[in-house]
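Look at the sequence and the 3D view below. Then read on for a short tour of a few selected places.

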Amino acid sequence: MLNVSSDFNSAFKNSKREVVAKVKIKNTEYLPNKIKDFKYSTGAFGGDKFQIGSVESAVVKITFTEVIENLKELDELTVSVGISIPGKQIEYVSLGKFYINGRVDPDRNENKTVVEATDGFVFMEGSYESKLNYPAKLSAVALEIANMSGTVIDQVSFNHLSNYTINKPEGYSYRQAIGLIAQYEAGFACFDRDGRLAIRTLFDPAYRIDPNEYYLKGLTKSELLYQPKGIICKVTKRVGNSSETTVLTAGSANGAQVEVDNNSMNQYLLEQIWEKIKNVNFYPISLKWRGNPALEIGDWVTMTDRLGKQFKSPILNYSITYDGGIVSTISASTKAQSPNVAVFKGPLQQKLDEIDYRLDAAGKNNVYDSVEEPQNPKEGDIWFRPNGPDTELCIYGRNESGELDWLVKTTTATDVELLEAIAAAKKAGEDAIKVGQTASSKADKAQTDANAAVEQANEAIRKANNLEVDTTNSISNLTQTVTTIQSTVANKAEQSQVTQLAGQITSVVGDIDSILNNAQDIIPYFERGAIDGATGVEVNSLWVRSPFVRIKPGTTYLFFNGTAGTTVTNTCYWYWYDKDYKFISRTISSNPNTAQAPATASFLRVCFNDQTDPETIQRNVIAGTQPIKITMINKTQITQLQNAINLRVQSGKVISQINISPETILISGKKVQITGDTFIENGVIKEASIANAAITSAKIADLAVGTAQIKDAAITNAKIGTVSADKITTGTLNAALVNVINVNAANLSGGYISANRIAARSITGDHLTIDAVQVGFNAMGNTMRINSTSLSFYSGSNLQARLTESGMEFWYGSRKIGQMGENQKSNYPNIRGITVDLERTGDYISWAYRQNTTDTYYTTLLTLDPRGSFTGNSGIVAGTNLYMSNYSIQRVNTLELRNTLNLSANGISITGLGGSLKLGTISANGYQYAYLSHGGGQAGIFFGSSYLYLNHAGYFYNWDSYRRLQWFRGQTVSIPTKILTNGVVDEWVTITF
């Protein structure tokens with residue numbers, strides 16, 4: 001149930017109420033004077049059987065009292081219902097977000113517009129093909145379904161999904177797949193009133209519908225209680241070209257069964273689902289009443305039957321009709337099975353049924369917890385009786401008439417009167433809180449005075465415990481407070497410090513500047529290489545770059561010389577990345593050398609042109625705009641926490657550390673040396689865990705690495721010792737350093753050779769690495785980029801097109817518009833062709849041409865406009881004449897021609913129709929005829945095999961009857977107008993045709 005005020009609920013229960021409605025389409029709001037009526041309907045768990053995992057749409061049909069133009073399929077609208085609260089404004093609730101379903105044709109004769117719309121499930125009919133690794137978490141699958149279908153989720157319900165692991169769901173649409181997720185929760189999927197996808201189960205909001213809110217004979221209640229006795233699931237698996245179906249069951253095989261189909265189900269999960277629904281029970285009902293739009297599908301409601309007995313049933317089908325006021329119908333139409341149906345049971349089963357109870361603590365009476373009434377109870381027995389969403393504690397005892405019966409002692413059901421008492425108690429509590437706040441302010445002052453006393457005590461301890469000796473600039477210091485003990489020993493250049501807290505011990509040894517230095521250089525080291533300006537990925541270069549460093553969004557950073565404490569003028573390139581290391585943008589600075597981090601940035605890399613040794617480069621980056629002098633940091637530090645130990649050694653930018661926690665052991669350092677025998681489990685070290693050039697030849701056994709294990713161009717010059725000439729097969733030879741004689745052109749396999757030295761068609765693809773072509777191609781500019789699977793075209797940083805093995809894709813930045821390429825007919829792989837496909841995120845496809853060479857636009861001739869985004873009309877829209885070249889238009893259900901109809905070559909020319917002309921079919925006398933009519937269809941002519949018929953205002957006439965009147969043309973006919981009782985004609989009338 002929606003969260004509304006108590007005044008809202010009270011106003012809807014009031015017999016004198018003023019209900020209003022409003023509808024918003026695009027940016028236009030329609031109030032009650034523009035709304036004739038609407039009907040809203042939705043459902044869950046629907047049908048004759050209790051169906052978990054349902055995905056029923058909410059639909060609405062609205063009639064407006066005016067002609068509304070330019071409404072298109074999938075236009076969004078919202079519907080709200082409100083009530084006037086005395087002394088306050090109107091309080092509204094939303095019935096949901098809807099999307100127009102189909103074409104909207106205003107009725108100008110009736111001056112009205114009828115709109116039908118459905119909820120967000122209209123966007124979930126596409127095929128779901130999961131990209132996850134399976135088995136996968138239920139929550140991960142649910143999120144993928146929502147993300148791939150472009151659906152906004154209800155975060156609360158998705159956060160409460162069960163921690164199940166499921167197999168891959170295959171062969172489902174997005175809508176069907178989210179229904180499987182709801183099955184696992186023993187619930188249903190729906191779009192909530194805010195248009196978010198939600199997974200819900202039955203919920204009891206403690207709402208009561210009083211009998212005075214029923215319409216006459218509005219309540220129909222079945223006296224047979226519904227309760228599922230078992231659950232059956234069909235699991236179908238594909239095996240080659242065939243399929244195998246397995247039936248899983250849980251619970252009893254007798255009685256009402258919940259039936260589901262789920263190809264990712266297993267026995268364990270089915271039993272978990274059964275545990276969630278086995279105690280569901282309710283009386284099937286149908287109720288027509290005055291309504292409250294705050295109630296939602298899946299809510300339990302309390303009602304009173306004709307015998308005055310209160311009971312609860314869930315809302316499984318729900319409709320609201322508005323025509324100035326509202327009428328609501330709720331129902332739970334699940335078929336119940338009579339408990340009196342006899343089922344044969346053997347002697348052993350009969351005995352088991354007889355002892356289906358447990359003894360109470362005293363060992364005297366039996367305790368039952370089944371839905372069925374216990375058989376042969378004795379006085380004092382206890383029955384925890386399920387009743388809808390509640391449980392009643394019943395004791396078998398004497399009623400007021402002295403007869404033995406089950407007497408309800410207490411229940412988990414919420415008492416409405418109790419809720420009112422709680423509300424009154426809550427108000428009294430709030431008043432008490434105000435009094436308590438006054439007392440609390442006095443307590444706060446006492447706390448402040450106590451804190452001041454503690455600080456005075458700390459100061460006294462410091463004075464008593466501080467022992468300071470200053471001899472030849474040496475210091476020994478002990479500081480102790482209530483919460484901290486810190487000892488320091490130092491001389492002119494060096495210092496050691498130990499700090500002890502309740503949960504931490506930290507010891508530091510280093511030079512004084514290292515311990516006291518507060519300047520934070522965020523760059524730990526530099527390395528050789530550059531970064532691509534458009535993609536933010538690493539490229540080989542003689543430039544220098546930094547690793548990823550964490551930064552604060554929106555902060556300004558300075559690139560400078562920290563050793564000298566001065567600014568630098570060489571250009572710095574700043575590369576910003578988000579929290580997932582995805583490239584955002586690049587900033588270029590020179591003077592001043594500052595850059596501000598984007599609001600979405602979490603990481604930074606800098607790059608600049610410097611060909612000296614990266615380890616000796618004197619460049620630093622700090623948060624700020626003014627350069628400072630950064631002293632070389634030299635210190636060691638040990639930090640011990642309750643659940644972690646950190647060992648750190650720092651010298652300048654070089655930091656080595658070991659961090660030990662219950663989950664991981666981190667060893668970080670530029671060089672890590674391990675002596676002694678070391679055992680590493682299989683599969684622990686993978687390719688991505690080994691840095692480039694990190695394994696030396698001494699660590700590799702003879703013949704352990706062949707050519708297949710070495711990537712092209714993976715061995716750098718720095719890793720090569722003495723090389724004989726016969727080992728050189730690729731690379732770059734500097735002629736200034738090499739004296740080459742007797743070079744045979746047939747022996748050249750690498751290096752740089754000018755174009756006039758290369759014979760035509762002498763370089764073949766087997767002499768070029770893909771990496772070399774890719775890097776060289778991408779280095780030419782940012783307009784075209786190539787990788788191993790595609791050729792992409794950019795305008796600035798925005799992707800425009802991409803050529804892949806499937807064809808040419810067209811993009812607008814991150815938005816895919818469509819593609820053109822070779823494809824097949826669905827389910828017919830041998831029927832192939834060329835297709836032009838428009839994506840859901842694209843708007844139109846057009847054929848156009850430039851009329852004049854000076855035009856800055858193209859004139860469209862034919863446009864595919866599925867949603868009317870471009871032309872205002874959904875469909876294929878022609879902007880010029882269509883010539884069929886003596887061919888006909890066939891298989892047309894209805895051909896509608898508006899305004900001017902021109903059929904050339906001495907054909908028909910009709911202007912000023914004031915409407916439209918339709919060519920179609922009509923049903924009359926049990927036959928279908930060819931029909932030519934006005935757009936309204938109430939006037940026209942239709943043709944049989946031999947006869948011509950007229951339609952006038954919906955009445956049909958055979959033209960042959962009128963044709964026969966021509967037989968009397970030029971004739972005189974006398975017709976008797978008065979005949980006497982003896983049969984003699986007394987008066988005549990003569991008619992001449």
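The model is a predicted one.

**The cores**

The largest nonpolar core holds 103 residues. Within this core, Phe 38, Leu 77 and Ile 178 touch the most other members. Helix 4, residues 174-184, gives the most to this core: seven residues. A second, separate core has 19 residues, including Val 544, Ala 595, Ala 601 and Leu 604. In soluble globular proteins, nonpolar side chains tend to be buried together.

The table leaves aside neighbours within four places in sequence.

| Residue | In contact with |
|---|---|
| Phe 38 | Ala 21, Val 60, Lys 61, Ile 62, Val 79, Val 81, Leu 95, Ile 320, Thr 321, Tyr 322 |
| Glu 91 | Val 4, Ser 5, Phe 8, Val 81, Gly 82, Ile 83, Ile 85 |
| Gly 875 | Thr 863, Leu 864, Asp 865, Pro 866 |

**A buried charge**

Glu 91 sits in strand 6, which spans residues 90-100. Glu 91 is buried, yet it has no salt bridge. The nearest side chain of opposite charge belongs to Lys 88, 7.1 Å away. A salt bridge needs the charged atoms within 4 Å.

**A partly exposed glycine**

Gly 875 belongs to strand 56, residues 875-878. Its relative accessibility is 25%, so Gly 875 counts as partly exposed. Leu 864 is 11 residues away from Gly 875 along the chain. The C-alpha atoms of these two residues are separated by 6.1 Å. Leu 864 is also one of the residues in contact with Gly 875.

Conventions. Residues numbered from 1 in each chain as written. Predicted model: local features only at pLDDT ≥ 70, side-chain atom pairs only at ≥ 80, totals over all residues. Heavy atoms only, no water. Core = buried A, V, L, I, M, F, W, Y, C linked by side-chain atoms within 4.5 Å. Buried < 20%, exposed > 50% of the residue type's maximum accessible area, 1.4 Å probe, protein only. Helix = DSSP H or I, 4+ residues; strand = E, 2+ residues; numbered from the N terminus. Contact = heavy atoms within 4.5 Å. Lys, Arg positive; Asp, Glu negative; His and termini not counted.
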